[in-house]
Amino acid sequence: MAGRSIGVAVDMSPCSKNALRWAAANLAGPGDRLILTHVKPSYQYEQGVAHLWEHDGSPLIPLLELSDPRVSKTYGLALDRETLEILTRAAGQRGVQVFAKVLWGDPARKLAEAVHKVPLQWLVVGNRGLSTVKRVLMGSVSTYVVNHAACPVTVVRENMLPSALTTNK
């Protein structure tokens, strides 16, 4: 099914990069939009124009603008070289349109809300593999999203083998 908006929750951790690789290789296809969804706690962004987007998030930021330092500073989103390479490869080899969206607030709630606000037809999140005790005490973003998002959600485990992340659709 072409033309979907597929969100991938990214925080630049190895786990979220695995989720991004998986989505680009196994889910996104020609005509789809791959939307990196990055959530920042409200207290971490600098004063300035970013406060205009605190409620609904930033506008969609196209791939070509993501490597521009001015854009990175405006939105507080600095993608590393590895992430940019994954995105560029997805756009070039898979025919996927790539965007980023920055949200501010509680990651679990903001990701679930993004399904309606962006809107997204699919959401891919990483799973850091919290122990049972930590998950009970702290909660889990992926568990919350699976239970509250109004679209299909794929959870990619942190320890997934790299070979499983490079399979073609």
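The model is predicted, and every value below is computed from it. Among the features described are Ser13, which is buried at a relative accessible area of 12%, and Lys40, which counts as buried at 11% relative accessibility. The helix pairs are H5 with H7, whose axes lie 9 Å apart, and H1 with H4, whose axes come within 10 Å.

**Ser13**

- Ser13 sits in the loop that runs between strand E1 (5-9) and helix H1 (14-26), and because its relative accessible area of 12% falls under 20%, this residue is classed as buried.
- The side chain of Ser13 forms a polar contact with the side chain of Asp11, at a distance of 2.6 Å.
- Although Ser13 and Arg128 are 115 residues apart along the chain, their C-alpha atoms are separated by 9.2 Å.

**Lys40**

- Lys40 belongs to strand E2, which spans residues 33-40, and this lysine is counted as buried because its relative accessibility of 11% is under the 20% cut-off.
- A polar atom of the Lys40 side chain lies 2.9 Å from the backbone oxygen of Gly76.

**Helices H1 and H4**

- Helix H4 comprises residues 81-94, and its axis crosses that of H1 at roughly 5°; since angles under 35 degrees count as roughly parallel, H1 and H4 are therefore described as roughly parallel to each other.
- On the H1 side the contact is made by Lys17, Leu20, Arg21, Ala24 and Ala25, while H4 contributes Glu82, Thr83, Ile86, Leu87, Ala90 and Arg94.
- By residue class, the contact of H1 with H4 is made up of six nonpolar residues, one polar residue and four charged residues.

**Helices H5 and H7**

- Helix H5 (residues 107-117) packs with helix H7 (residues 141-148) at an angle of about 30°, their axes being 9 Å apart.
- That angle makes H5 roughly parallel to H7, because it is under 35 degrees, and the crossing of the two helices is right-handed.
- The residues of H5 that take part are Pro107, Ala108, Arg109, Leu111 and Ala112, and they meet Val141, Tyr144, Val145 and His148 of H7.
- Sorted by class, the residues in the contact of H5 with H7 comprise seven nonpolar, one polar and one charged.

Terms used
Residues numbered from 1 in each chain as written. Predicted model: local features only at pLDDT ≥ 70, side-chain atom pairs only at ≥ 80, totals over all residues. Heavy atoms only, no water. Helix = DSSP H or I, 4+ residues; strand = E, 2+ residues; numbered from the N terminus. Buried < 20%, exposed > 50% of the residue type's maximum accessible area, 1.4 Å probe, protein only. Polar contact = N/O pair within 3.5 Å; in protein donor to acceptor, adjacent residues only side chain to side chain. Axes fitted to C-alpha atoms, helices over the stretch in contact; angles between N-to-C directions. Parallel < 35°, antiparallel > 145°, perpendicular 65-115°, else oblique. Left-handed = near helix turned anticlockwise from the far one by under 90°. Contact = heavy atoms within 4.5 Å. Nonpolar A, V, L, I, M, F, W, Y, C, P; charged D, E, K, R; others polar.
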